[in-house]
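Have a look at the sequence and the 3D view before reading on.

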Amino acid sequence: MAITDRLPSRLRRRAGGLVLPIVLLAGVFTATLGAGYSATQTNLGDAIGHLFRGNSITVINSESRTVEAEVPTTATGTQDAEVTALPGGNIGTTNHDTGEVQLRDAGTLQTKGSPIASAGTPLVLPAGNVTYVLDPKADTVRQLGENGQVVSEVKVPGATRTAVPDGGDGIWVLTDDGKVSHVVQGRADRTTDPRDRVTTLTTADGPIAITSSGKALDLSVDPPKPIHQGPVPGDQGVLPGSHKGSGRYVLLLSPAEGKLVAVDRNSETRREFKDLPKNRRLGQPVQLGHLVFIPDYGTPHKLYVRDIATGSPRPDITVPGLHDRFELKVQNGRVWADDQFDQQSVVIGADGGKEHVDKGPGEGVLTNTNDPNWSPGEPVKPEPPATPETTPPPTVPPTTPPTTTPPAPTQTPPPAPPTQTPPPTTGNKLIPPPVVGMLVDDGCRSIEARTLTCDRQPMPDPSPTPSDLNVITAQNPAKDTPVDSGSPVTVRFWRYIAMPAVSGQAASATCDRLVNEMRRLVTCRAVPGSGTGTPGTVDTQNPAAGAPVGVNTEIVLTYVPTPIPTVPDVRNMPVGNDPGNACAEVASKGYTCVPVADRIARADNVVLDQVPSPGTPQQGGPVEVHYSPHKAQKLVLLRSDPDSPDNPDVHIIRFEGQEPPGYARERELGWAYPPQGTPIPHGARQINGFMCSASKSACGGRSPNHYYTHDNNTNLASWRLTETAAWLLPSNGGQCAADQTPLARLGRFGGGGSRVYTVHPHGSATAPSGWDYAEPLGCVWNP
């Protein structure tokens, strides 16, 4: 017995959809339906797709063409939303009108974490095992954990809504100055600045940047590497292939030219299609295998299909729906084309074969274009045939006398003419629908649904009201006026509106307002300029105030840039443990201090270098301060009493404050590193101390006697290793740095096996008289 057979009739599937307000989904998930009802072991495999149906999320099984589950969301009315498959078994819903993003479990559809609010229209982007939410209005990239909570937030000054995965766990974000910024692991780790301005980003087995000069650059290598396939469309109007359906082809679509360019990322071979309709409302294409699908958001919705392998077109696919856009994505090896507000959807396989899926009725479903009886508002109901007593309008000729056999004499005459099909000019009277205030495409579709024809007549002058764009302002005949089937209905509509003057207004908010007022029939970009005035306000506009604006116009508002603060200079400041330390200064300017202990210097914990360098324009973010954590101490040379009977003129080295009795300071050698109490600098040279105390005759006429070397063993009898005396800096090819001095071991040998050693701050050429150069020891910081 099927699951639905056990349910009350009001909960069973009907019209190909499912009206369960619960979830039935993958694995062995059990959802309680009510007292005595449950559903278990619903296994959808790889055939599922997550789509919006009105204001709810649905889970579609493309093999059975049924709705397996659905759950309502916070979307209301005609709020535009989409759903994105994400890592970790999650999906994300994006409400384009409110800017809200919500993570859900892909299996149970249960929410995870709190909704993520955005200042503008966000972009939800999966990258490897990570989910990102890009909020370009706030110049912010948020990383979400699998539990739906924000785990990091990175500022990307000038961020646009164009971003692509980097092939790993990071993303590339296009900024409005034509550069791209890399975001990964909670930080913007580098910015790539090609010589040409980057106009858009796409993905084809990795991130690709398209420049204004028509170069395709591979961002997965540093510096970016050109793909050598000749110039590609690179102007601002070009649409790249969507990350929601990418493969090995670099796809670039020029709607104005009706041209698609496809470059094979592997072989760098190129194919062009120049047969697409021009100046249509086309969207970003997706690819599945060797097939490319180009969305047309006009009326009717369509997908243009092109076969890259053969260079030939496939039949167009009609996408149900009347909304001004539809979602197009690849999920689980299938292409899904779905109008959120239509009851129907289309799913396409890798071979190009399509199937319609009925999502069923539900809250927010406005149309059902596969139902021939549907029309906007009430279903179309033809007026009843005219009765003999009704006088037809003067323009309608008399009906043709009946040609069928008259009724028998005993039969009561019918009150109306015999049931024959009247000529088209005298067909049943129809009532034109009210279309004033509707978009012209929607209004004409409504008229044509009633077997009438639509005569579009644009208004001669632009309307001063932005919301009038493409809107019907008058119709003739008026609504509720009976007309014959096939009669024309003339609609007057505003083809253009006059661009309002927006100088001095907040650029970003004005862009959003204009796009919303014009029902998303135009696009708008706010770009920084060089003017002065209130930051963020419009300095210049294109089109100019009063110029006509039509469908698909791109509005560009150039705004006064916000002065970007510059990174402070904290070199030579202490990193910490000081009220005025470098990290405190960095934090006070709105940056994040990142101490990096990777230097060697005479002074410890003092900033030697910083990244970015002082004066770099940067709005917040990390500032690395590089310093030496190694604490150097003063190294001195000591000499025993020259009149001592046992060890005259014996030299030893010690750090200041550690001089033993019986020895007097002879000279200061420089600054070196003691063997305890400090990290040992990378590459430092260990100096070992040897001592002989067996007897004066065995120890060169002195007891005790000392010498210093790099070696850790000796071939001198009776000498033993007693200590690590110090760590000295390494030389570079035998040369010390300008602020360093070389040290060497010297020896003086006399008759009868007499020997004495010293450490001298010079090389072999400057050994003092009577001493022989024996061994270079390393470098010390200058005294």
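Buried means under 20% relative accessible area, exposed over 50%, and partly exposed in between (1.4 Å probe, protein chains only). Helices (H or I, at least four residues) and strands (E, at least two) are DSSP runs, numbered from the N terminus. This is a predicted model, where local features need pLDDT of at least 70, side-chain atom pairs count only at pLDDT 80 or more, and totals for chains, interfaces and linings use all residues. Residues are numbered from 1 along each chain as its sequence is written, and side-chain values use heavy atoms, with hydrogens and water left out.

Start with strand E30 (residues 327-331): four of its five residues are buried. Two strands pair if DSSP finds at least two bridges between them. E30 pairs with strand E31 (residues 334-338) in the antiparallel sense, and Glu327 sits opposite Asp338 in E31. The hairpin has two residues between the strands, and Asn332 takes a positive phi near 55 degrees there.

| Pair | Bridges |
|---|---|
| E30 and E31 | five bridges |
| E20 and E21 | two bridges |

Leu217 stands opposite Pro226 in E21.

Now for the inside. A nonpolar core is a set of buried Ala, Val, Leu, Ile, Met, Phe, Trp, Tyr and Cys residues joined through side-chain atoms within 4.5 Å. The largest one has 20 residues, and Ile653 is among those touching the most other members.
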